[in-house]
Amino acid sequence: MHLLLIILLSVSYSAVINIPADYPTIQAGIDASINGDLVLVLAGTYQEHINFNGKNIIVTSVNGAEGTIIEPERESIGPAVIFENGESGIVELSGFTIQNAYNDANGGAIYIYNSSPNFKNLIIQNNAAFNMGGGIYINGG
């Protein structure tokens, strides 16, 4: 944990948004962010879908994929993580388990359309999609 914090502090960000200290959900942190921000997420299970909404930001966990889970509520349908607004460059998702998401179209865990996100240290498990890409669906980008 100390090594991760040292690495994160050695890079310059516009702002660091802490979840859940600053905002209760990952999506609320993304919504409040601007390009170049770091959204730093504490361990826990986050029952939500997240959409980067065209923001070139980094969303990462403090404790790694084993302890930080994105798991949409069972009755909700749609990709757990969405990149569909031209996100590219520094945009990154790292240190999460993404599990038990279902989409009735394409992309269960992660849906990418005309975007080029970076991924590090993800666990993608037990996701499904009606059409293509139960784990990751990419169209363009």
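Q: Is Tyr 137 buried or exposed, and what is its relative accessible area?
A: Buried means under 20% relative accessible area, exposed over 50%, and partly exposed in between (1.4 Å probe, protein chains only). Tyr 137, with a relative accessible area of 12%, is therefore buried. This is a predicted model, in which local features need pLDDT of at least 70 and side-chain atom pairs count only at pLDDT 80 or more, while totals for chains, interfaces and linings use all residues. Residues are numbered from 1 along each chain as its sequence is written, and side-chain values use heavy atoms, with hydrogens and water left out.

Q: How many aromatic pairs does a search of the whole structure find?
A: Rings of Phe, Tyr and Trp (its six-membered ring) pair if their centres lie within 6.5 Å, and planes under 30 degrees apart count as stacked, over 60 as edge-to-face and the rest as tilted. The search finds three such pairs here. Phe 83 is buried at 0% relative accessibility, whereas Phe 119 is partly exposed at 30%. The rings of Tyr 111 and Tyr 137 have centres 5.6 Å apart and planes at 15°, so that pair is stacked. Ring pairs also link Phe 52, Phe 83 and Phe 119 into a cluster.

Q: In what order do the five strands form the open sheet?
A: Two strands pair if DSSP finds at least two bridges between them. The order is β1-β2-β5-β8-β12, with parallel pairing, and the edge strands, each pairing on one side only, are β1 (16–19) and β12 (118–120). Within this sheet, four bridges join β2 (residues 38–41) to β5 (residues 58–61), and Leu 38 stands opposite Ile 58 in β5.

Q: Which residue forms a salt bridge with Lys 120?
A: Side chains of opposite charge can pair when their charged atoms come close. A salt bridge is counted when a side-chain nitrogen of Lys or Arg is within 4 Å of a carboxyl oxygen of Asp or Glu. The partner of Lys 120 is Glu 92, and their closest N and O atoms are 3.6 Å apart. Lys 120 lies in strand β12 and Glu 92 in strand β8 (residues 92–94), so the pair ties together parts that are 28 residues apart in sequence. Lys 120 is partly exposed, at 45% relative accessible area, while Glu 92 is buried, at 13%.

Technical notes: Helix = DSSP H or I, 4+ residues; strand = E, 2+ residues; numbered from the N terminus.
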